[in-house]
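Let's take a walk through the charged and nonpolar side chains of this protein. Have the structure open and follow along.

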Amino acid sequence: MEKELIAYFENLGLDVHTSTKARGHQGFFLRKRIDISKNISKDRVVPTLVHEFAHYVHSVIEPRMEKTGGTLEFIFNDEYVEIYEKELLKVTDFVDKNSRCEKLEHHKKLIKSKIIEYENIIKARYPKFMRSKKFKEFDKYIKGSKAKYLLKHDRVKLISGILFRKIEVYTIDNIEKDFAEMPKEFAAYIRLKSCQKRQSRVSARINKLKKYYAKPTELFARFIEGLYLDPNRVRSVAPHCYKRFYELLEDDYYPHLGRIFEILQTCK
């Protein structure tokens, strides 16, 4: 099936590569070129080929989609697309489990619990402490301590001296050892600030991924991939998309896709 698909793609003028890293993805499409990562498992090659070819088809019916991410209005030739978007997100959830960001969401929860833990340590001595306001007692203390550098970085290397260089390494994990005189509330505050930075990075990563998965061109590609992987499930979770897609497919709205489904059916 893999060879038949690639032969058909190349017959259409597409340049297909199966021995690259595909820019860190399973597959990649850009300007009539399809890359399939050499690192993916054998059972992922055909679904990835189908996915990337869907991007090509989309680029034909909506030429600017590579820059804009496309629109569902073009994909389904319909201006009422809210129901399509909701259904496509459900398809994406089962086609690509990474779209749910479960690991990142779990990591975010763990970080949040650590923040609460450190906050409770601080409040035991400073009950009026609030994360959103300045911690004056800490600010006064930290000015004279090298631990202040740990507010920006979890690990720092300080180099001093001209003739005789002195190197000091401090890490957030060794606060109690490196700064034995520091009150535990202040050590907790440094760790709390570190957790907040990590939380922001994780949240930014989640938002970036969700924005990526919600792009119309990605929704469409995973819909087509889903039709190959489990058409009955797609029909169940996305009935409106399923019906509209096959109406347009019969009208030859999607160039070359009909032939792809024929190849997939014949080679099963």
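**Salt bridges and surface patches**

Arg-244 is buried, with a relative accessible area of 19%, which puts it under the 20% cut-off for that label. Keep in mind that this is a predicted model. The partner of Arg-244 is Glu-247, and their closest N and O atoms sit 3.3 Å apart in a salt bridge. Both belong to helix H12 (residues 239–250), three residues apart, or about one turn of the helix. Glu-247 is partly exposed, at 29% relative accessibility.

Now hop over to helix H6, where Lys-114 and Glu-117 are also three residues apart, about one helical turn. They make a salt bridge too, with 3.1 Å between the closest N and O atoms. Here Lys-114 is partly exposed at 32%, and Glu-117 is partly exposed at 38%.

The count of salt bridges comes to 17. One of them joins the side chains of Asp-96 and Arg-222 (3.5 Å, N to O). Asp-96 is in the loop between helix H5 (82–95) and helix H6 (102–125), while Arg-222 is in helix H10 (residues 216–229), so this pair ties together parts 126 residues apart in sequence. Both residues are buried, and Glu-218 joins them in a network of salt bridges.

What about the surface? Arg-23, Arg-31, Arg-64 and Lys-67 gather there in a patch of positive charge. Arg-64 sits in the loop between helix H2 (45–61) and helix H3 (65–68) and is exposed, at 58% relative accessible area. Elsewhere, Ile-159, Ile-167 and Val-169 form a nonpolar surface patch with about 250 Å² of accessible area together. Val-169 comes from strand E5 (residues 166–171) and is partly exposed, at 37%.

Methods:
Residues are numbered from 1 along each chain as its sequence is written. This is a predicted model: local features need pLDDT of at least 70, side-chain atom pairs count only at pLDDT 80 or more; totals for chains, interfaces and linings use all residues. Side-chain values use heavy atoms; hydrogens and water are left out. Patches are made of residues with over 30% relative accessible area and no salt bridge: like charges are joined within 9 Å, nonpolar side chains (Val, Leu, Ile, Met, Phe, Trp, Tyr) within 5 Å. Accessible areas come from the Shrake-Rupley method with a 1.4 Å probe; for residues, only the protein chains shown count as cover. A salt bridge is a side-chain nitrogen of Lys or Arg within 4 Å of a carboxyl oxygen of Asp or Glu. Lys and Arg count as positive and Asp and Glu as negative; His and the chain ends are not counted. The place of a charge is taken as NZ of Lys, CZ of Arg, CG of Asp or CD of Glu. Helices (H or I, at least four residues) and strands (E, at least two) are DSSP runs, numbered from the N terminus. Buried means under 20% relative accessible area, exposed over 50%, partly exposed in between (1.4 Å probe, protein chains only).
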